[in-house]
Amino acid sequence: TSYRRLKAIPHIYVYHSTDDTVVPFSDAERLCKVVPTATLIRFENRGHFLGSDFPELLARLNGELDVA
């Protein structure tokens, strides 16, 4: 299954907003329960990440990738 392939990845970050009206937040939670290497990064009031300005996501990605 596709979950088996995901489990082979050393670490997965799942970024999701609690108010996403396209993909329910519960889907992200369920994925993180099934894939032990997944970490859920929760955002509030960001919908489906369709906006062009998202400084907190950029800061998070820069920190995780260790990019200045």
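Among contacts (heavy atoms within 4.5 Å) in the protein between residues at least 6 apart in sequence, 65% join residues at least 24 apart. The model is a predicted one, in which local features need pLDDT of at least 70 and side-chain atom pairs count only at pLDDT 80 or more, while totals for chains, interfaces and linings use all residues. Residues are numbered from 1 along each chain as its sequence is written, and side-chain values use heavy atoms, with hydrogens and water left out.

The protein contains 3 helices and 2 strands, where helices (H or I, at least four residues) and strands (E, at least two) are DSSP runs numbered from the N terminus. Their order from the N terminus on is α-β-α-β-α. The C-alpha trace spans about 35 × 30 × 15 Å along its principal axes. The accessible surface, from the Shrake-Rupley method with a 1.4 Å probe and with only the protein chains shown counting as cover for residues, comes to about 5,000 Å², and 56% of this surface belongs to carbon and sulfur atoms. Of the 68 residues, 25% are buried; buried means under 20% relative accessible area, exposed over 50%, and partly exposed in between (1.4 Å probe, protein chains only).

When its neighbours within four places in sequence are left aside, Cys32 is in contact with Val14, Ala38, Thr39 and Leu40.

The whole structure holds 3 salt bridges, each defined as a side-chain nitrogen of Lys or Arg within 4 Å of a carboxyl oxygen of Asp or Glu. One of them joins the side chains of Arg30 and Asp27, with an N to O distance of 2.5 Å. Both residues, Arg30 and Asp27, lie in helix H2, 3 residues apart, which is about one turn of the helix. Arg30 counts as partly exposed because its relative accessibility is 46%, and Asp27, at 30%, is also partly exposed.

Another salt bridge is formed by the side chains of Arg42 and Glu44 (3.0 Å, N to O). Glu44 has a relative accessibility of 45% and therefore counts as partly exposed. Glu56 and Arg46 form a salt bridge as well, their closest N and O atoms being 2.9 Å apart. Glu56 lies in helix H3 (residues 55–65) and Arg46 in the loop between strand S2 (38–43) and H3, so this pair ties together parts that are 10 residues apart in sequence. Glu56 is partly exposed at a relative accessible area of 34%, and Arg46 is partly exposed at 25%.

For the charges as a whole, Lys and Arg count as positive and Asp and Glu as negative, without His and the chain ends; each charge is placed at NZ of Lys, CZ of Arg, CG of Asp or CD of Glu. The mean positions of the 8 positive and 9 negative charges are 12 Å apart.

Pro36 is located in the loop between H2 and S2. Its relative accessibility is 65%, so Pro36 counts as exposed. The C-alpha atoms of Pro36 and Leu6 are separated by 9.3 Å, with the two residues 30 residues apart along the chain.
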